[in-house]
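Here is a note for a colleague meeting this structure for the first time. Please keep the model open while reading.

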Amino acid sequence: MRLLVTGASGFLGREVVRAAAAAGHDVHALVRPTANVEPLGWPAGVTVVRGDLRQIGEWATQLADIEAVAHLAAAPSGDLPTQFAGTVVATENLLAHLPMQSLRRFVHVSSFSVYDYGAVGFGGTLTEDTPIEPAPEKRDAYTITKIEQERLVVGACQTAGTEFVVIRPGAIVGAGKDWGFGRVIKLGRFDLVFSPGAKFPLTYVANCADAIVKALDASVPPGSLFNIVDDELPTYGGFHRLGRRLGGAAPALYLPWLGVSLLAGSVWVVNRLLFKGRAKLPEFLDRRRQRVRWQPMSYSNRAAKDVLGWRPTVPLREAVERIVGAPPETVSLDADRPRVAASATLAKRGK
Amino acid sequence: MNRLRAAVIGCGAIAHEHLGYLGSSARVELAAVCDASKATASFMRERFRARAWFTDAAALLQEVRPDVVHVLTPPQTHASLVRMCLEAGAHVICEKPMTGTAAETETLLSYARQHGKVLVESRNLLFNDVAIAIDRLVKDGSIGSVREVDVLLSLNLTAGPFGDLNLSGPGAQLPAGAAHDFLPHLAYLFLHFASVRVDVDQVIGFLENRSGNARVGYDHLDALIEAGEVRGRLRIASDIAPPAFRLVVRGTERSAESDFYNPFLRVEGGANIGKRAPLEQIGSGWKLTRAGFRNFFDKVRQHGTYHGMPRMLDAIYAALQAGEQPPISEADIIATARLVDRIAGLSKAI
């Protein structure tokens, strides 16, 4: 299929281009005008389309023959107006210039961020049936804009009768994006790691890209939705220990979920009393946002495996080796052994 | 008192600051928002609980018939929109710069007068805590006679949308490029604290592009101004740290200094400066420490650089409700535009 990949030079996009080209698609990679695509080593058959979706330009005239779309473009950082322009307005512009009626499929890449983690609760399982966050304005700009973006895509596809699939990946990891191996902040020479026993819902970037490419032509019910996480999910503590053993992380100070919750609860009370609840808090002190990252819970990738036929082919051990650039087979994987005392504990392993 | 029905045209970044007031003020009924982007307009309607949203300004004006319209679109679109709003019988609050030249601004103000409507250009920084504090020192005579007003804006203009090379066209379609978008702030601060309501005597200096970023236009200004007994230095620098928006007012008795980004108030001077200077420095240190704590809490409670905006808007709406002159006069707006014109005239061809 003649496939348009938006956000193609981004962290996930570059892998999607590679996987889609390998799967035989005629890939048109939409990248920003200043993007340097040469180091990405894409196959010669990939057509590079330059343009910025925030602004109607030459790119808009090059979409007439597109048969399928993998939409990854988004602005994941900046204030709300910046993210809104780069995520929502960009998507609106794209949808306005695509041949929606003749598209065979639109694969939209959303995010776990859109979910209502309060509805999952402690020890629950996040699935495709988990409701959407009802108060995104109380979370962050990313949640607001990803929900708006998804709503826009679904609405446009339904109006035009375009087949669409929504992919919601967990935390995408890969070389250059290790999420600090679960570090919240640095405290002197230590990494503060929250909720070391909770699962880290990661997906290795190449695995996630495979799922997106599978979604392009898999036989799925209209409007399907798939969560993407890998099969082997380490705990935050285990992930950090792996990083530490390979030289990618500092010694850890652990704070269990109970401590994390108490910390947030105390801050919430102070915020109510002193700031009438208006204080803008960092993620690690904000109750709602803490739940998203560190609440102990399970994650299911069953739908993606059963319906898309997707299998994460890069196992956790290999993924971590690739992230830190370590030679293969040098890492002993013992990701799920957090050592947590009742309060903050210094992890001495690896010293 | 009847609430005024307000509408906003243009829902970019600055609209969030206007709508924060409009969505919560008892003086206002937020009747409609409008943006060329349907997604943006509908989102802002929901976020700020406006009654309706539009993608076409003419349709908004015809259907909603607002009492007041906030024109918050890019500057090159202001003139036609302001005219359209005035013709529809609305007062207009326009973001700065109202137009690219003083002549255009004067024409629009005259047009507003002909239609019996108020047209105001935003000058929100004058309503910030620090500006009010320094204003008080000037008015109560603590400063003495003002002799110098310096304003320094150090901000990397290439880092934001003005210099984003992924976008085509100029970052700001104004004679002085991206710098022009900030010039009204510098100009009205100088004019206000220098108590100048007409043209200044002399403007010398240079306005340049030092970054090499073609999209940003001009990003470096160093202008010396003379207006009667008052001198001033207005600067924009994109290549120095930290980001700051410094205001210094020096008088015959004392000098006062502050910053709009990280506010503090340092007042120096006195009759016996030789002996009192060390103690005054200790006092300044203590005040700076207190300002640091206050700034920390201000950042936590989101009391930011735009905290003067709701005060300014409330003062304008109060005047409109009472049928009085708004706190920003036509003469102030014209004097600002003329000074901006002269500063823009310092530009060297890029």
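This is a predicted model: local features need pLDDT of at least 70, side-chain atom pairs count only at pLDDT 80 or more; totals for chains, interfaces and linings use all residues.

1. Local features are taken where pLDDT is at least 70. Side-chain atom pairs count only at pLDDT 80 or more. Totals for chains and interfaces use all residues.

2. **The sheet of chain A.** Start with the open sheet in chain A, which has seven strands. Their order is β3-β2-β1-β4-β5-β7-β12, and the pairing is parallel. At the edges sit β3 (47-50) and β12 (224-228) of chain A, each pairing on one side only. From one strand to the next, the twist averages 20 degrees.

3. **One strand pair in detail.** Look at β1 (residues 2-6) and β4 (residues 68-71) of chain A. They pair in the parallel sense over four bridges. For a residue-level landmark, take A:Leu3: its bridge partner in β4(A) is A:Ala68. Helix α1 (residues 13-22) of chain A packs on the sheet. This helix touches β1, β2 (26-31) and β4 of chain A. The direction of α1(A) makes about 170 degrees with that of β1(A).

4. **Where the domains of chain A touch.** The contact takes 12 residues from domain 1 of chain A and 14 residues from domain 2 of chain A. On the domain 1 side, α3 (117-120) and α10 (316-324) of chain A each supply at least two residues. Which element gives the most to that side? It is α10(A), with four residues. By class, the domain 1 side has five nonpolar, two polar and five charged residues.

5. **Chain B as a whole.** Chain B has 10 helices and 13 strands. Its radius of gyration is 21 Å; a compact globule of 350 residues would have a value near 20 Å, so the two agree. Along the principal axes, the C-alpha atoms of chain B fill a box of roughly 70 × 50 × 40 Å. Of the 350 residues in chain B, 48% are buried. Take the contacts in chain B between residues at least 6 apart in sequence: 67% of them join residues at least 24 apart.

6. **Domains of chain B.** The assignment for chain B gives domain 1 as 4-121. Domain 2 of chain B is made of 127-307 and 338-344. The C-alpha centres of these two domains lie 28 Å apart. Nine residues of domain 1 of chain B and 11 residues of domain 2 of chain B form the contact. On the domain 1 side there are four nonpolar, three polar and two charged residues.

How values were computed: Residues are numbered from 1 along each chain as its sequence is written. Chains are lettered from A and ligands numbered from 1 in the order in which they are written. Two strands pair if DSSP finds at least two bridges between them. Axes are lines fitted to C-alpha atoms, for helices over the stretch in contact, and angles run from 0 to 180 degrees between N-to-C directions. Two residues are in contact if their C-beta atoms, placed from the backbone, lie within 7 Å. Ala, Val, Leu, Ile, Met, Phe, Trp, Tyr, Cys and Pro count as nonpolar, Asp, Glu, Lys and Arg as charged, and the others, Gly among them, as polar. Domain bounds come from an automatic or database domain assignment. The radius of gyration is taken over C-alpha atoms; the globule rule is 2.2 Å times the number of residues to the power 0.38. A residue is buried if 20 or more other C-beta atoms lie within 10 Å of its own, exposed if 12 or fewer, and partly exposed in between; C-beta atoms are placed from the backbone.
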